[in-house]
Amino acid sequence: MKSALLQYPYREVFEPLEKICKKKGYSKIKIDEATGVIHASKGIQLFNNLIDLDVTVEKVDEQITRINITASSFKLSSGNKDLNEIEERFVETIYKFF
């Protein structure tokens, strides 16, 4: 799991995060603002090479928001180098976008 801290209010983070997911090639995106969870997937389920990305948005205070990113896959175990790289690149993209 990787994290990012942003100096943006909680409510202003969801729309840009959805755009980032689309930019990174994630097509199935589910957003639940009430729980602060964004779930995105990319790949082909038929070949079991789906990459799932869970993005949790947490309000730290009125102007600071924490974003936790967890990548998972059926074929790759948690903590795998490739999954860590996906998480790291997503964090870098978040910082570039904001």
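Reader: Which residues does H39 touch, leaving out those up to four places away in sequence?
Author: H39 touches K28, I29, K30, D52, L53 and D54, where a contact means heavy atoms within 4.5 Å. This is a predicted model, in which local features need pLDDT of at least 70 and side-chain atom pairs count only at pLDDT 80 or more, while totals for chains, interfaces and linings use all residues. Residues are numbered from 1 along each chain as its sequence is written, and side-chain values use heavy atoms, with hydrogens and water left out.

Reader: In which strand is H39 placed?
Author: H39 belongs to strand β3. Strands are DSSP runs of E with at least two residues, helices are runs of H or I with at least four, and both are numbered from the N terminus.

Reader: And how exposed is H39?
Author: H39 has a relative accessible area of 25%, which makes it partly exposed. The classes are buried for under 20% relative accessible area, exposed for over 50%, and partly exposed in between, with a 1.4 Å probe and protein chains only.

Reader: How far is H39 from I69?
Author: Their C-alpha atoms are separated by 10.0 Å, and the two residues are 30 residues apart along the chain.

Reader: Let us turn to the overall fold. What pattern does the chain follow?
Author: Along the sequence the pattern is β-α-β-β-β-β-α, with 2 helices and 5 strands in the protein chain. The radius of gyration is 13 Å, close to the 13 Å that the globule rule gives for 98 residues, so the chain is as compact as a globular protein of that length. That radius is taken over C-alpha atoms, and the rule is 2.2 Å times the number of residues to the power 0.38.

Reader: What box do the C-alpha atoms fill?
Author: Taken along the principal axes, the box is roughly 45 × 25 × 25 Å.

Reader: What share of the residues is buried?
Author: Buried residues make up 34% of the 98 residues in the protein chain. Among contacts between residues at least 6 apart in sequence, 48% join residues at least 24 apart.

Reader: Changing topic, how many salt bridges are there?
Author: The count comes to 7 salt bridges, each being a side-chain nitrogen of Lys or Arg within 4 Å of a carboxyl oxygen of Asp or Glu. One of them joins E33 and R11, with the closest N and O atoms 3.0 Å apart.

Reader: Where do E33 and R11 lie?
Author: E33 is in the loop between β2 (28-32) and β3 (37-42), and R11 is in the loop between β1 (2-6) and α1 (14-23), so the pair ties together parts that are 22 residues apart in sequence. E33 is partly exposed at 36% relative accessibility, whereas R11 is exposed at 58%.

Reader: Which residue does K19 pair with?
Author: K19 forms a salt bridge with E15, and the closest N and O atoms are 3.6 Å apart. The two are 4 residues apart in helix α1, and about one helical turn separates them. K19 is partly exposed at 47% relative accessibility, and E15 is exposed with a relative accessible area of 53%.

Reader: What about E62 and K59?
Author: The side chains of E62 and K59 also meet in a salt bridge, at 3.2 Å from N to O. E62 counts as exposed at 56% relative accessibility, while K59 is partly exposed at 48%.
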